[in-house]
Amino acid sequence: MKKLAWSMILGSAFMVSCGPKSTAVTGPKFTSAEHLAQGKTVFENSCNRCHKLPDPAKHDDQDWIKTLSRMAPKAKLSDEQHQMVYDYLISVNKK
């Protein structure tokens, strides 16, 4: 019984430490200049709180999906903000 209790506690601690992963982004959605500008603002203001801003060319489109799905919950981004940041990053990457 003690082993079961400990495994449940450790399992819960592991899930809390990993946090939820956002699945808002599966590909580009917003392409208007207004949405891309909002994505840039969210990227600069949210991501810069915890670390230096990464170069958008650091990742390709699929890598940004993976990276943002891990980071967006930590930055407390809404699904829409997450999508706008992704769309901004890949739009800059394509220039």
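Predicted model: local features only at pLDDT ≥ 70, side-chain atom pairs only at ≥ 80, totals over all residues.
**Figure 1. The whole chain at a glance.** From one end of the sequence to the other, the protein follows the pattern α-α-α-α. Residues are numbered from 1 along each chain as its sequence is written, and side-chain values use heavy atoms, with hydrogens and water left out.

**Figure 2. Ser46 in helix H2.** Find Ser46 in helix H2, which covers residues 33–46. Is Ser46 buried or exposed? Ser46 counts as buried because its relative accessibility is 13%; buried means under 20% relative accessible area, exposed over 50%, and partly exposed in between (1.4 Å probe, protein chains only). Leaving aside residues up to four places away in sequence, Ser46 touches Ala75 and Leu77, a contact being heavy atoms within 4.5 Å.

**Figure 3. Lys76 in a loop.** Now look at the loop between helix H3 (61–71) and helix H4 (79–93), where Lys76 lies. Lys76 is not a glycine, yet has a positive phi of about 60 degrees. Most residues other than glycine have a negative phi. With 70% relative accessibility, Lys76 counts as exposed.

**Figure 4. Contacts across the chain.** Of the protein's contacts with a separation of 6 or more, 76% join residues 24 or more positions apart. Buried residues make up 33% of the 95 residues.

Definitions and conventions. Helix = DSSP H or I, 4+ residues; strand = E, 2+ residues; numbered from the N terminus.
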